[in-house]
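Thanks for coming. I have one structure to go through today, so please look at the screen.

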Amino acid sequence: TSFDTTFTIVVAFLKDETEASYRWALEQLATMYQSRAPLSITTDRDLALINVLAAVFPTSAHLICIWHIQKNVLVNCKKHFATVDAWNTFLNDWTKVIYSNSEDEFDSRWTALQEVQNGIRPVIDYLERVWISFKTHFVVAWTKHVLHFGNVTSSRAEGQHAAVKRYVQVSTLDLREMQNHIHNAITNQLLEFESRQSSECLKVLEKHRCSILLPLTQCISIYALNIIYKEWLSTKELSLSEGYIHHCNCI
């Protein structure tokens, strides 16, 4: 939301994690969006889901959750390092690959990592086989061009799962009872959003009283104003005479 919070738009019960089940769920979601589509969708590396996403939402950017990537790298690679220091060095270098800011920087860092870890081929083979082929889905050099508002992990979705489960509480409910609990959870999310929206319309922070932001106060959220304020401060530090071009970090 505009407050940097998360809300649930749909809950689906699937009998399995196959392409057929994912396709049914995503097609139902697509009917809600009608002619529109999400700007970006973040998931783990579920190949069945990835295949269906490309078919149902071809215009939506697909990102792979960085947290899941690092978790899988930990499980599959750490065992190949003899010392903690060697593992930490590798993990630091791999993280730099993920956060490469340009394609050239990515190529340079990935090549350097392969050279340094050349003696541990299982690690390099694993990264090439499982992750590098999906580099455009998680490396910053590509994902920075996607309007994702900083959502490069699926932690928000998992947080919403936990929030809904607090209302459901038990796994023995019938479908009708489950629907009632989920309806209550989503209704309360909406009420909380509306309450906060009304509350923020009455607030004007002192730092937002500058000429560029004052017309926007009470029209957009304080969180959104803070992002604009941060970017505005950045522009004041630019030296245009040196030809410096600032890259907006708000996405």
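One definition before I start: Ala, Val, Leu, Ile, Met, Phe, Trp, Tyr, Cys and Pro count as nonpolar, Asp, Glu, Lys and Arg as charged, and the others, Gly among them, as polar. With that in hand, take the second largest pocket, where the lining consists of 9 nonpolar, 7 polar and 3 charged residues. Please keep in mind that this is a predicted model.

Staying with that pocket, it holds about 400 Å³ of space. Its lining has 19 residues, and Thr6, Phe7, Gln189, Leu190 and Glu192 are the closest to the centre. Which helices each supply at least two residues of this lining? They are helix H8, residues 155-168, and helix H9, residues 175-200. H9 gives the largest share, 8 residues.

Now the overall layout. The protein chain has 10 helices and 2 strands. Reading from the N terminus, the order is α-β-α-β-α-α-α-α-α-α-α-α. The C-alpha trace spans about 60 × 60 × 35 Å along its principal axes. Of the 251 residues in the chain, 32% are buried. If you take the contacts with a separation of 6 or more, 54% of them are between residues 24 or more positions apart.

The largest nonpolar core has 28 residues, and the members that touch the most others are Val73, Phe90, Trp94, Trp110, Leu127 and Trp131. Which elements give two or more residues to this core? The answer is helix H3 (66-77), helix H4 (84-98), helix H5 (103-116), helix H6 (121-131) and helix H7 (140-143). H6 contributes the largest share, 6 residues. There is also another core, apart from this one, with 11 residues that include Ala30, Ile41, Val56 and Phe57.

What is Val73 in contact with, leaving aside its neighbours within four places in sequence? The list is Lys78, Trp87, Phe90, Trp94, Tyr126, Leu127 and Trp131.

Several of those names carry rings, which brings me to the aromatic pairs. The count comes to 10. One of them is Trp87 with Phe90: the ring centres are 5.6 Å apart and the planes meet at 40°, so this pair is classed as tilted. Trp87 and Phe90 are 3 residues apart in helix H4, so about one helical turn separates them. Are these two residues buried or exposed? Both Trp87 and Phe90 are buried. Elsewhere, ring pairs join Trp94, Trp110, Trp131 and Phe138 into a cluster.

Last, two backbone angles. Phe149 is not a glycine, yet its phi is positive, near 50°. Phe149 sits in the loop between H7 and H8. Gln218, also not a glycine, has a positive phi of about 65°. Where is Gln218 found? It is in the loop between H9 and helix H10, residues 222-236. The relative accessible area of Gln218 is 42%, so it counts as partly exposed, a class that runs between the 20% limit for buried and the 50% limit for exposed.

That is the end of my list.

Key:
Residues are numbered from 1 along each chain as its sequence is written. This is a predicted model: local features need pLDDT of at least 70, side-chain atom pairs count only at pLDDT 80 or more; totals for chains, interfaces and linings use all residues. Side-chain values use heavy atoms; hydrogens and water are left out. A nonpolar core is a set of buried Ala, Val, Leu, Ile, Met, Phe, Trp, Tyr and Cys residues joined through side-chain atoms within 4.5 Å. Buried means under 20% relative accessible area, exposed over 50%, partly exposed in between (1.4 Å probe, protein chains only). Helices (H or I, at least four residues) and strands (E, at least two) are DSSP runs, numbered from the N terminus. Contact means heavy atoms within 4.5 Å. On a 1 Å grid over the protein atoms alone, a cavity is a set of points where a 1.4 Å probe fits but cannot get out, and a pocket is an open set with protein on both sides within 12 Å along at least five of seven lines; lining residues have an atom within 4 Å of a point. Grid points are joined across faces, edges and corners, and a volume is the space filled by probe spheres set on the points. Rings of Phe, Tyr and Trp (its six-membered ring) pair if their centres lie within 6.5 Å; planes under 30 degrees apart count as stacked, over 60 as edge-to-face and the rest as tilted.
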